[in-house]
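Reader: Could you walk me through this fold and its side-chain pairings? I would like the cut-offs as we go.

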Amino acid sequence: MTTEPTRASFRIGFVPGVTLSKWSRLWEERRADLPLDVVEIDASSALDALHGDAAVDMLLARLPLATDDDHSVIRLYDERAVAVVSKDHPLATLGIEHELTAADLEGETRHDLDPTLTDAQAVDVAATGAGVAVVPQSIARLYSRSGLTYRFVSDLEPTVVALVWLVDRSDDDTDDFIGVVRGRTARSSRSRRRDEPEQAAPAKKGSAPDPRGAKPKRTPPQGRGPQRGTGRSRPRRGR
């Protein structure tokens with residue numbers, strides 16, 4: 001890893017629905033020397049944001065992604081799947097506390113499965129009352145509006161949000177951001193900047209060196225029999 005400053009700002013790309021507010025605040029507290037530049041990117045071409053003249057340094061996106069050995073990936077958290085429907089849709093009448101199953105969606109048009117539609121467009125079509133859009137909960141919240149609601153789908157796999165970056169661009173700044181998203185403390189040895197001096201470990205109690213120098217250890221004399229203070233006495237000779 002390089003320790004030389006190479007950036008005017010640290011650029012983080014994120015796909016719609018991912019929230020960075022907490023991490024951004026922590027970064028500002030710990031790295032006031034390097035502003036955080038947050039950029040929304042297109043989820044359909046997320047990895048492209050790591051390349052080019054305006055490339056981001058790291059990326060927050062949803063798996064699966066077409067990553068290879070050139071990428072580092074850290075799984076951060078899961079998002080539950082929800083079915084977005086019009087409030088007039090029969091599934092909406094089941095109540096907000098009711099969780100759907102995949103079987104409940106059989107026979108419904110799944111607009112999220114249409115490769116020509118983005119998540120936003122799939123939600124728009126579901127808002128008309130025709131079919132449903134199954135999306136991560138954060139997407140449902142992002143595109144929420146009057147006339148729409150959603151229900152959790154209990155037996156669909158969650159979506160994984162991950163942190164992704166190029167292996168050859170790893171450095172102290174990327175390591176510091178990893179520390180932020182993983183919840184390391186500011187004083188963590190892995191989060192601390194490498195150009196800060198390491199602190200010596202405190203000496204153990206009673207282990208301070210003798211200023212007069214070490215004294216040689218005394219060994220009991222050999223071959224002289226029991227010594228005073230051992231609690232043993234010399235055998236008495238018979239008369």
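Reader: In what order do the five strands of the open sheet lie?

Author: Happy to start there, with a predicted model in which residues are numbered from 1 along each chain as its sequence is written. Local features need pLDDT of at least 70 and side-chain atom pairs count only at pLDDT 80 or more, totals for chains, interfaces and linings use all residues, and side-chain values use heavy atoms, with hydrogens and water left out. Strands are DSSP runs of E with at least two residues, helices are runs of H or I with at least four, both numbered from the N terminus, and two strands pair if DSSP finds at least two bridges between them. With mixed pairing, the order is β2-β1-β3-β8-β4.

Reader: Which strands form the edges of this sheet?

Author: An edge strand here pairs on one side only. Neighbouring strands are turned by 20 degrees against each other on average, direction ignored; axes are lines fitted to C-alpha atoms, for helices over the stretch in contact, and angles run from 0 to 180 degrees between N-to-C directions. The edges are β2 (36–40) and β4 (71–79).

Reader: Which residue of β3 stands opposite I12?

Author: Strand β1 (residues 10–14) and strand β3 (residues 58–62) run parallel and are joined by three bridges. Opposite I12 stands M58.

Reader: At what angle does helix α1 run to β2?

Author: Helix α1 covers residues 21–30 and lies across β1, β2, β3 and β4. Its angle to β2 is about 160 degrees.

Reader: Is S72 buried or exposed?

Author: S72 lies in strand β4. Leaving aside neighbours within four places in sequence, S72 is in contact (heavy atoms within 4.5 Å) with L163, V164, W165 and V167. Buried means under 20% relative accessible area, exposed over 50% and partly exposed in between, using a 1.4 Å probe and protein chains only. S72 has 18% relative accessibility, so it counts as buried.

Reader: How far apart in sequence are the parts tied together by R7 and D171?

Author: A salt bridge is a side-chain nitrogen of Lys or Arg within 4 Å of a carboxyl oxygen of Asp or Glu, and R7 forms one with D171, the closest N and O atoms being 2.6 Å apart. Because R7 lies in the segment before β1 and D171 in the loop between β8 (159–166) and α4 (172–181), the parts are apart by 164 residues.

Reader: Which helix holds D173, another partner of R7?

Author: R7 also forms a salt bridge with D173, with 2.7 Å between the closest N and O atoms. R7 is buried at 18% relative accessibility, and D173 is buried at 6%. D173 lies in helix α4.

Reader: Which residues join R7 in one salt-bridge network?

Author: D33 and R31 meet in a salt bridge at 2.8 Å, N to O. D33 is exposed with a relative accessible area of 56%, whereas R31 is buried with 6%. Salt bridges that share partners join R7 with R31, D33, D57, R169, D171, D173 and D176.

Reader: Why do the rings of F10 and W27 count as they do?

Author: Rings of Phe, Tyr and Trp (its six-membered ring) pair if their centres lie within 6.5 Å, with planes under 30 degrees apart counting as stacked, over 60 as edge-to-face and the rest as tilted. F10 is in strand β1 and W27 in helix α1, 17 residues apart. Their centres are 5.2 Å apart and their planes at 15 degrees, so the pair is stacked.
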